[in-house]
Amino acid sequence: ARMDDEDFNEPEVVHRLDYDAEEDRWDSSPREVKVAVQMFAQGDRMGCIMVQDLHDNKTYVIKKPFDSEAPGATTTAIYEHCKVRTVAIHVAAKYNKLKPRLMIGFLPCFVYILAERPGQPAVIVEPVVLNHSKSRVSPATANSDRDAIESFEHFSFHMSRSNFVMCNAQQVSDGRWTEPEYH
């Protein structure tokens, strides 16, 4: 659905944090954004809010936890969630260089620190996916998708020299994966 100027709050300054998996560091850049007045979708634990980044002229989705005290809603958990997903993107790029039968892609994300808001909350930000839905791997998952993600998980264990395994990702409706864990 098209959103007009009145659907957004006034511009505000945020800090965009991108995790660099190769260098194991966070890179920060100031941005000016306009956050939508209200959520456009919600799940069990998070609401989705459109945000216009006036620096790169793109629209993204802020994932905002309903309960700021819930596990996974702390600033540390938000950073870790984004870091794990970025590491998965990094591992998937190496995996895909081997030209597997089915490539693996993860939905990218970054963190905004809402610097002008009380408490300067951290939020996860990701690209807009139309008709977004996600599902865990299950017996209902297509065999090719299940085989591909299991192969990727196995690859991650060997690539990391047995230091971690990427697992438990959910498949997004556009074919990419999200919310991986690593152990």
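**Notebook: salt bridges in the predicted model**

I began with aspartate 56, which is partly exposed, its relative accessible area being 25%. I then noted that the model is a predicted one.

I looked up the partners of aspartate 56. With arginine 31 its side chain meets in a salt bridge of 3.6 Å, N to O. I recorded arginine 31 as buried, at a relative accessible area of 12%.

I next found a salt bridge between aspartate 56 and arginine 16, with the closest N and O atoms 3.7 Å apart. Arginine 16 belongs to strand S1, and aspartate 56 to the loop between strand S4 (46-53) and strand S5 (58-65), so this pair ties together parts 40 residues apart in sequence. Arginine 16 is buried, with a relative accessible area of 12%.

Which residues are linked in a network of salt bridges? I listed Arg16, Asp18, Arg31, Asp53 and Asp56.

I then turned to glutamate 12, which forms a salt bridge with arginine 117; the closest N and O atoms are 2.6 Å apart. Glutamate 12 lies in strand S1 (residues 12-20) and arginine 117 in the loop between strand S6 (110-113) and strand S7 (122-127), so the pair ties together parts 105 residues apart in sequence. I checked burial for both: glutamate 12 is buried, at a relative accessible area of 6%, whereas arginine 117 is partly exposed, at 30%.

Finally, I noted the total count of salt bridges, which is 12.

Technical notes. Residues numbered from 1 in each chain as written. Predicted model: local features only at pLDDT ≥ 70, side-chain atom pairs only at ≥ 80, totals over all residues. Heavy atoms only, no water. Salt bridge = Lys/Arg side-chain N within 4 Å of Asp/Glu carboxyl O. Helix = DSSP H or I, 4+ residues; strand = E, 2+ residues; numbered from the N terminus. Buried < 20%, exposed > 50% of the residue type's maximum accessible area, 1.4 Å probe, protein only.
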